[in-house]
Structure formats: structure tokens, C-alpha cells
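Student: I would like to learn how to read a structure like this one. Can we go feature by feature?

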Amino acid sequence: MPRYNKTFELSIQDVDLIEEALRARGRELCKMRRALADDNPADMQSIAVIEADQRETEELLGRLHNQKIFYRPGATPYVSG
């Protein structure tokens, strides 16, 4: 039985491209969702599918963000801004 590859070799640019594509997908889903009316029963199933897809996309973006290690200087006090 084949196994899944658990090790990926992605560059920072690759991850940035993936994040931008997910954000673009989120914008498209938002436009699709705004085009549908809440009070139209025919649109309710489409709304549910779009909102589930939006939630999945945002969760994936969150998981990508949580795996990043951000640089913070250790020798000197860090001043933001």
C-alpha cells in the first residue's frame, strides 16, 4: 500500500505563492457569496457550500501561518514598529 509523503521541500517563495493563491480564492468566494441573496431559498444550498469552502480556505491559511517561524533578534531588546 502506498504511503503519503510527509516531507515537503518548499521555498519561502513557494509558500508565499500558495498563500496568495488561497487569498485570491477567498476573494472570489466572497464575491460569489455577496452575489447570492440570503432570503432566496434557492440560494441557500449554494451559500452553505461557499461558506464551507471559505472556512476551509481560512483554516488552511491559519495552519500555514502557525507553522512559520518569525525572526526576532535575541541579543538586543526588540522594539516593534
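Student: What volume does the largest pocket have?

Tutor: The general idea comes first. Rolling a probe the size of a water molecule over the atoms shows where empty space is left. Here the largest pocket has a volume of about 450 Å³. A pocket is an open set of points on a 1 Å grid over the protein atoms alone, where a 1.4 Å probe fits, with protein on both sides within 12 Å along at least five of seven lines. Grid points are joined across faces, edges and corners, and the volume is the space filled by probe spheres set on the points. One caution on the source: this is a predicted model, where local features need pLDDT of at least 70, side-chain atom pairs count only at pLDDT 80 or more, and totals for chains, interfaces and linings use all residues. Residues are numbered from 1 along each chain as its sequence is written, and side-chain values use heavy atoms, with hydrogens and water left out.

Student: Which residues line the largest pocket?

Tutor: A lining residue has an atom within 4 Å of a pocket point. Among them are Phe8, Ile12, Val15, Leu60, Arg63 and Lys68. H1 and H2 are the elements that give two or more residues to this lining. H1 gives the most, with four residues. Helices are DSSP runs of H or I, at least four residues long, numbered from the N terminus.

Student: What span should the residues of helix H1 have?

Tutor: The expected span is 1.5 Å times one less than the number of residues. H1 (residues 12-35) has 24 residues and should span 34 Å; its end C-alpha atoms are 35 Å apart, which agrees. For H2, 23 residues should span 33 Å, and its end C-alpha atoms are 33 Å apart.

Student: Which residues of H1 are buried?

Tutor: An α-helix has 3.6 residues a turn, so residues three or four places apart point the same way. In H1 the buried residues are Glu19, Leu22, Gly26, Leu29 and Arg33. Buried means under 20% relative accessible area, exposed over 50%, and partly exposed in between (1.4 Å probe, protein chains only). What covers the buried residues of H1 includes helix H2 (44-66). In H2, Ile47, Ile50, Thr57 and Leu61 are buried, and they pack against H1.

Student: Is glutamine 13 buried or exposed?

Tutor: Glutamine 13 lies in H1. At 58% relative accessibility, it counts as exposed.

Student: What does arginine 33 touch?

Tutor: Contact means heavy atoms within 4.5 Å. Not counting residues up to four places away in sequence, arginine 33 touches Asp38, Ile47, Ile50, Glu51 and Gln54. Arginine 33 counts as buried because its relative accessibility is 17%. A polar contact of 2.6 Å joins the side chains of arginine 33 and aspartate 38. Such a contact is a pair of N or O atoms within 3.5 Å; within protein, one must be able to donate a hydrogen and the other to accept it, and residues adjacent in sequence count only if both atoms are side-chain atoms.

Student: Where is aspartate 43 found?

Tutor: Aspartate 43 is in the loop between H1 and H2. A polar atom of its side chain lies 3.3 Å from the backbone nitrogen of alanine 37.
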